[in-house]
Amino acid sequence: MKTQALPQNLPMPQSASPLDQLADIHLPDPVSLWPLAPGWYLLLVLLLIFIWVSYVVYQRQQRQRYRREAIRALQQALADYRQHGSLASYLQVLNLTLRRTALSAGASQAVLSLTGLPWLQWLDQGAQLPGRFSDHTNLLLVAPYQKSPEVAGLEDVQRLALAWVKGHNLKRAGKLIKPARETTHV
C-alpha cells in the first residue's frame with residue numbers, strides 16, 4: 001500500500017491539544033435569594049412560634065415571681081423559728097408575707113386593712129385550702145401576745161400559708177369584702 005503524504009501548504013492548528021478545541025463552559029445564573037424555598041418559610045414560622053412562646057412563658061414567670069418569693073420567705077421564717085424559737089417573730093413574718101402576697105396579687109386597700117378574724121376569713125375564701133386559717137385563731141391571733149404560748153398546729157398553719165400563696169384567687173376572695181364607698185359630707 002502506498003501512503004499518501006499530506007500536502008505541505010495546509011494551515012496547522014495553533015495547538016495540537018484536543019482540549020483546546022472544546023467550547024467554553026457556560027455557568028448557570030446565580031441562585032436568587034427570592035423567592036425563598038418552602039423550607040425557609042417553615043423555619044421562619046417555627047422561629048416566630050418559638051419567640052412568641054418564650055415571651056409568653058417569660059411574662060407568666062414574671063407575673064408569678066411574687067409567689068416564689070413569698071414561698072421562700074415562709075420557708076425561711078419557719079427555719080428561723082425552729083432555730084431561734086421566736087413564735088411571735090415567725091407569726092409576724094407569716095402575716096406580713098401573706099399581706100404582701102395579697103398586695104402583689106392586687107388586693108384592695110379595704111382587704112389589706114382587715115385585722116383579726118375578718119382577715120383570716122378573707123384568707124379562707126381566697127384559695128382551695130386543706131384547712132382554714134380561722135380554725136387556728138388561738139395560734140394566729142392570741143399566741144403572739146402570750147408569754148409562753150401553745151404552738152399546737154404550727155405545721156398546719158405553715159401548710160395553709162404555703163397553699164394560699166400557691167393557689168390564691170382574689171376574685172373568689174373578693175366576694176367576702178367589698179370596698180366601702182366614699183361618703184361625701186355636706
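Start with the aromatic pairs: this predicted model holds three of them. Rings of Phe, Tyr and Trp (its six-membered ring) pair if their centres lie within 6.5 Å; planes under 30 degrees apart count as stacked, over 60 as edge-to-face and the rest as tilted.

Select tyrosine 81 and tyrosine 90 to see a tilted pair, 5.9 Å centre to centre with 40 degrees between the planes. Both tyrosine 81 and tyrosine 90 are buried (under 20% relative accessible area; exposed is over 50%, partly exposed in between, with a 1.4 Å probe and protein chains only).

Next, pick tryptophan 119 and tryptophan 122: ring centres 5.6 Å apart and planes at 15 degrees, so this pair is stacked. Now bring up arginine 99, which lies over the face of tryptophan 119, 4.0 Å from the ring centre (the rule: NZ of Lys or CZ of Arg within 6 Å of the ring centre and within 35 degrees of the ring normal).

Then hop to the salt bridges, four in the structure (a side-chain nitrogen of Lys or Arg within 4 Å of a carboxyl oxygen of Asp or Glu). Glutamate 155 and arginine 82 meet at 2.5 Å, N to O. Arginine 82 is exposed at 55% relative accessible area, while glutamate 155 is partly exposed at 37%.

Finish with arginine 132 and aspartate 124, bridged at 3.8 Å, N to O; here aspartate 124 is buried at 13%.

Residues are numbered from 1 along each chain as its sequence is written. Local features need pLDDT of at least 70, side-chain atom pairs count only at pLDDT 80 or more, totals for chains, interfaces and linings use all residues, and side-chain values use heavy atoms, with hydrogens and water left out.
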